[in-house]
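This briefing reviews selected local features of one protein chain. Please keep the sequence and the model in view while reading.

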Amino acid sequence: MIYTITFNPALDYIVRLDHLKTGTINRTEQEYILGGGKGINVSIVLKNLGMDTTALGFIAGFTGQEIVRQLNSFGVRENFIRLREGLTRINVKVKASDEETEINGRGPVVSDFELQELYTQLDSLTADDTLILAGSIPSSLPSNMYEIIMERLANKGIRIVVDATKDLLTRVLPYKPFLIKPNNHELSEIFGTSLNTTEDLINAAHTLQSRGAQHVLISMAGDGAILVAANGTVYTSPAPSGTLINSVGAGDSMVAGFMTGYTKTGDLQESLYWGIAAGSASAYSENLATLPEVEKLLKGIKG
């Protein structure tokens, strides 16, 4: 089973309009309400690609129940901890023709008792399982949450994937995550310098491997992706051609695609192709990648 954790999920209320004028009434042209959060996105794409997945994390109130309803509509299993107080947050995303504005909620407080419930769930994982840690940590949880989890599971042989930024990512490297997925800009932030060439990015990946990372998957948006394998082999893939419609969830889709390819074939180059195809399929659509979309792009990538 591939498990994902979303510590602070959200309902994304997405509205489109011609122009946003502050201080007055605006009328929307389109609107959507989508369950969001990096781990949730990964689980949805995994399921779309035919993989078994279970979404873990914390939900609260009627907004949390809507996320569950949406996941059920995709056929995704979930075992969220139901918080006794608060509401799963709502993020408002206003997309006008000339700009985008976001207002993100804070989310509910997770108690120590509820956090222990999550630990109990994780303790049941085995070496046959994969765990994907993705996204930020809410302020009510320890800032070293990823480290706590990875230390707790360190001797169980579980494949752990980490898709996070800055300190959240670098602090877990001593626990030897199976895969990390920074993008090129995040790598530049980590090292405090501009990494502009392929050689720069590969050298940065080798440095992260020297600190403990196994496979390093570097996404570069329209420029494709690089995989630096645990044995030092470098794999590359261009991005297939297409029109960018929505970049939200593209990185999460790449993680889901890569793990789908790896689970199906065990071949790293093939896994990279699956990752770049899934990420691109989401970027070129209003919604998250589906299997027909990914298979079509795979044919183009592999020629």
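Which residues does I59 touch, not counting residues up to four places away in sequence? The contacts of I59 are P9, G64, Q65, V68, F80, I81, R82, L83 and T88. The model is predicted, and the points below treat the surroundings of I59, a cavity, aromatic and charged groups, further buried residues and two residues with positive phi.

**Surroundings of I59**
- I59 belongs to strand β4, which spans residues 53–59.
- Its relative accessible area is 1%, so I59 is classed as buried, the limit being under 20%.
- L87 stands 28 residues from I59 in sequence, and the C-alpha atoms of the two are 7.4 Å apart in space.

**Cavity**
- One cavity of 30 Å³ or more is found in the model.
- The volume of the largest cavity is about 50 Å³.
- I59 is one of the residues that line this largest cavity, together with F7, N8, P9, F58, L83, T88, R89, P108, V110 and P138.
- By residue type, the lining of the largest cavity consists of eight nonpolar, two polar and one charged.

**Aromatic pairs and a charge over a ring**
- The count of aromatic pairs is two.
- F7 and Y146 form a tilted aromatic pair, with 6.0 Å from centre to centre and 40° between the planes.
- This pair connects distant parts of the chain, since F7 is in the loop between β1 (2–6) and β2 (10–17) and Y146 is in helix α4 (residues 145–152), 139 residues apart.
- F7 is counted as buried because its relative accessibility is 3%.
- Y146 is likewise counted as buried because its relative accessibility is 1%.
- R159 places its charged end over the ring of F178, at 5.3 Å from the ring centre.

**Helix α4 and its cover**
- Y146 is one of the buried residues of α4, the others being M145, E147, I149 and M150.
- The elements that cover the buried residues of α4 include β1, α3, β9 (130–134), β10 (159–163) and α5 (166–170).

- Q121 is located in helix α3 (residues 112–123).
- With a relative accessible area of 14%, Q121 falls under the 20% limit and is therefore buried.
- T260 is located in helix α8 (residues 250–265).
- The relative accessibility of T260 is 0%, so T260 counts as buried.
- Apart from neighbours within four places in sequence, T260 is in contact with L46, L49, M51 and W274.

**Positive phi in residues other than glycine**
- Most residues other than glycine have a negative phi.
- K176 has a positive phi near 55° and is not a glycine.
- The position of K176 is in the loop between α5 and β11 (179–180).
- K176 counts as exposed because its relative accessibility is 53%.
- A221, also not a glycine, has a positive phi of about 50°.
- The position of A221 is in the loop between β12 (215–219) and β13 (225–228).
- A221 counts as exposed because its relative accessibility is 68%.

Terms used. Residues are numbered from 1 along each chain as its sequence is written. This is a predicted model: local features need pLDDT of at least 70, side-chain atom pairs count only at pLDDT 80 or more; totals for chains, interfaces and linings use all residues. Side-chain values use heavy atoms; hydrogens and water are left out. Rings of Phe, Tyr and Trp (its six-membered ring) pair if their centres lie within 6.5 Å; planes under 30 degrees apart count as stacked, over 60 as edge-to-face and the rest as tilted. Helices (H or I, at least four residues) and strands (E, at least two) are DSSP runs, numbered from the N terminus. Buried means under 20% relative accessible area, exposed over 50%, partly exposed in between (1.4 Å probe, protein chains only). A charge sits over a ring if NZ of Lys or CZ of Arg is within 6 Å of the ring centre and within 35 degrees of the ring normal. Contact means heavy atoms within 4.5 Å. On a 1 Å grid over the protein atoms alone, a cavity is a set of points where a 1.4 Å probe fits but cannot get out, and a pocket is an open set with protein on both sides within 12 Å along at least five of seven lines; lining residues have an atom within 4 Å of a point. Grid points are joined across faces, edges and corners, and a volume is the space filled by probe spheres set on the points. Ala, Val, Leu, Ile, Met, Phe, Trp, Tyr, Cys and Pro count as nonpolar, Asp, Glu, Lys and Arg as charged, and the others, Gly among them, as polar.
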